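Hi,

Here is the structure I promised to pass on.

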Amino acid sequence: MSVAGLKKQFHKASQLLSEKISGAEGTKFDDDFTDMERKVDTTNKAVLELLSKTTEYLQPNPAYRAKLGMLNTVSKMRGQVKTMGYPQTEGILGDVMMRYGRELGEDSCFGCALVEVGEAMKLMAEVKDSLDISVKQNFIDPLQLLQDKELKEIGHHLKKLEGRRLDLDYKKKRQGKIPDEEVRQAVEKFDESKELAERSMFNFLENDVEQVSQLVALVEAALDYHRQSSEILEELNKKLQSRISTAGARPKKEFQPKSIMNSLESIESPPQNGLSYSSSFKSSGILIDHTVNGKNEPSSCMLQAWPESPHDDREYTPAIMPLSQFMPSCPPENYMSIYSCSSCCSPIIYTAV
């Protein structure tokens, strides 16, 4: 920087210090200029806030936003054009529902319902992805361009104007000590900067309908998202209501307890001549009781050794069964032979030795 430039910067700093400390008044702008400057400043703040809050609206989780921003930055550094989208919470919930629904199986009413709701959530996640893309292209990107170009240009003109105002006020206070030519040049530069700043602010505020069209794009994207989500949820609700109706009309199953003691303590034998028999044995092979048609009656049933058979005048029907079927402690090679008398229905039981 030249000596003249350093001198000018010193004059500006001196004038600013006198205004802040001693309350010296500087050159006043007209009301129209002040009003436009206020509106532009408010618009600039609004755009900054909208860019931040719209991103939060699309992805509320700050950790996801930070992670995605880092991944996209790395992708740009590597020259990759494709950018990653936000992980949608609907899709994450849908994945969990579908996974456990499939584990429950198709025979589970709750499992099938979980799969249906999970599929609907996955569809809503796809619709949310479309919302993200639409909002970014039609709302966030235009606002970002507005801030980076027009608002930045206006800010540059206003900053330059403020510097020339300070230079002019410093020279006006020292008029007589400073050549009139320098004062005249300061006035001309001030007027030039004021016109540029005023014109840029005027054009920007007159075309603010462009920002309204960007708001319309945001609203239409959100409306389309909610419309499609509503259709998905309405269809899902019909499926679930139908599933409830079907389940209500289905006959209820009765619970039948199964005890392993029944098979160990009781042995059912096939009916003989229209009568049913059941005999209970101990591991010693001694017959404990004999039941005929549900009544305990004395029986001539005897326990003998295999392969002997009864030798009397009565007719017997033989049957061979393994002892292990009734007494698990018995070796598998031991068998039991049952001879049923046709006349008195009294069985004689033999066991292998």
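The accessible surface of the protein comes to about 23900 Å², and carbon and sulfur atoms account for 56% of that. Of the 353 residues, 32% are buried. Keep in mind that this is a predicted model.

As for the fold, there are eight helices and seven strands in the secondary structure. If you take the contacts between residues at least 6 apart in sequence, 62% of them join residues at least 24 apart.

Which of its residues are buried? They are Q211, Q214, A217, L218, A221, A222, Y225, S229, I232 and L236. And what do these buried residues of helix 7 pack against? Their partners are helix 2 (31–58), helix 4 (89–104), helix 5 (109–173) and helix 6 (180–206).

Now for confidence. The pLDDT averages 77 over the protein, with 63% of the residues scoring at least 70. Residues 272–309 have a pLDDT below 50, though in the model this stretch has 83 contacts beyond near neighbours in sequence. Residues 348–353 are also below 50, and that stretch has 40 such contacts beyond near neighbours in sequence. Where pLDDT is low, the predicted coordinates should not be read in detail.

Cheers

Methods: Residues are numbered from 1 along each chain as its sequence is written. This is a predicted model: local features need pLDDT of at least 70, side-chain atom pairs count only at pLDDT 80 or more; totals for chains, interfaces and linings use all residues. Side-chain values use heavy atoms; hydrogens and water are left out. Buried means under 20% relative accessible area, exposed over 50%, partly exposed in between (1.4 Å probe, protein chains only). Helices (H or I, at least four residues) and strands (E, at least two) are DSSP runs, numbered from the N terminus. Contact means heavy atoms within 4.5 Å. Accessible areas come from the Shrake-Rupley method with a 1.4 Å probe; for residues, only the protein chains shown count as cover. pLDDT is the predictor's confidence in each residue, from 0 to 100.
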